[in-house]
Amino acid sequence: MIISETDLILNPDGSVYHLNLLPAEIAETIITVGDPDRVAEVSKHFDRIEVKKQKREFITHTGYVGSKRISVISTGIGTDNIDIVFNELDALVNVNIETRTEKDHKTSLEIIRIGTSGSLQSHIAIDSLLFSSFGIGFDTLMNFYEFENSNNELMILDALKEQLPAFNPYVFAADSSLKKKLAFDMLEGMTVTCSGFYGPQGRSVRVKNQHPNFIHQLKNFNYNGFLITNLEMETAGILGMAHVLGHKACSINAILASRLEQKFSTNPNAIIEKAIKLVLERLQTSN
Ligand SMILES: O=P(O)(O)O[C@H]1O[C@H](CO)[C@@H](O)[C@H]1O
Ligand SMILES: O=c1cc[nH]c(=O)[nH]1
């Protein structure tokens with residue numbers, strides 16, 4: 001079936017519409033970061049950079065760490081951008097851009113988010129690193145796609161419906177092989193992905209929040225001892241889109257804020273740098 005010009009938009013040079021990339025310009029291992037300035041913070045550790053591209057907030061650097069080819073891409077903020085990044089990355093590997101048809105042989109990308117996040121639990125300290133075993137989406141992205149959940153995901157969904165009935169979330173697990181490879185010694189937990197930074201994360205600057213107990217409600221959620229540990233704005237969308245498109249994904253969070261103690265890291269760059277170095281080292285040595 002031909003994929004229409006409005007379903008998959010290409011630029012005049014054949015690159016995908018928002019990412020501005022051609023198929024040869026991405027690696028099969030991709031690090032995503034929210035902040036466009038973080039792309040260079042990752043690629044400064046590359047031994048060689050062969051591609052640098054940008055359109056809007058989507059900056060891509062592709063290069064090598066040793067013999068491992070890696071791309072790092074900024075997604076900007078939010079799961080609306082995750083929809084764009086994942087559909088366009090998938091098209092670059094799984095659609096023949098010239099014939100506009102799906103390829104018979106599919107490529108499964110390895111996608112690792114290195115992001116920042118706020119903690120909801122006292123044992124998840126500021127300046128620690130946390131692996132999201134599950135992403136819980138409080139946004140609406142995955143309502144627009146067909147998918148089936150695993151039994152574990154369905155059981156967490158049931159517990160969410162019972163304990164947090166005011167919300168209607170979706171749930172996806174991280175890829176277990178990426179956890180073994182990159183995060184075997186990290187704290188882990190369930191990450192809630194929010195549709196905003198202020199009200200949707202229980203903050204209120206001048207306007208009262210409709211959910212004044214948001215932080216404590218989430219903190220107290222418990223599924224067989226498994227807790228909601230942190231809040232951010234992309235993880236659940238990344239895990240969900242990877243699942244529907246057949247890619248492997250995970251999310252590693254540098255904890256910058258404690259929402260319980262109402263404190264913020266005094267040196268956020270140090271823990272982000274630690275996460276970047278750890279992921280690059282482990283990606284290089286695991287192949
Ligand atoms: O630091 P990044 O990766 O952007 O992640 C977090 O920071 C942003 C909010 O400040 C949101 O994108 C949130 O998910
Ligand atoms: O509290 C926080 C910190 C970083 N990023 C978020 O989305 N929330």
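According to the UniProt annotation "domain: Nucleoside phosphorylase", an unreviewed entry, this domain covers residues 30-266; such annotations may be inferred rather than shown by experiment. The model is predicted, and local features need pLDDT of at least 70, side-chain atom pairs count only at pLDDT 80 or more, and totals for chains, interfaces and linings use all residues. Residues are numbered from 1 along each chain as its sequence is written, while chains are lettered from A and ligands numbered from 1 in the order in which they are written. The end C-alpha atoms of residues 30-266 lie 29 Å apart, and the span is 26% helix and 35% strand. Helices (H or I, at least four residues) and strands (E, at least two) are DSSP runs, numbered from the N terminus.

Helices H2 (residues 79-94) and H6 (residues 235-245) have axes, lines fitted to C-alpha atoms over the stretch in contact, that come within 9 Å and cross at roughly 30°. H2 is therefore roughly parallel to H6, a term for angles under 35 degrees between N-to-C directions, on a scale from 0 to 180 degrees. Thr79, Ile82, Asp83, Phe86 and Asp90 of H2 make the contact with Gly237, Ile238, Met241 and Leu245 of H6, where contact requires C-beta atoms, placed from the backbone, within 7 Å.

Definitions and conventions. Parallel < 35°, antiparallel > 145°, perpendicular 65-115°, else oblique. Contact = placed C-beta atoms within 7 Å.
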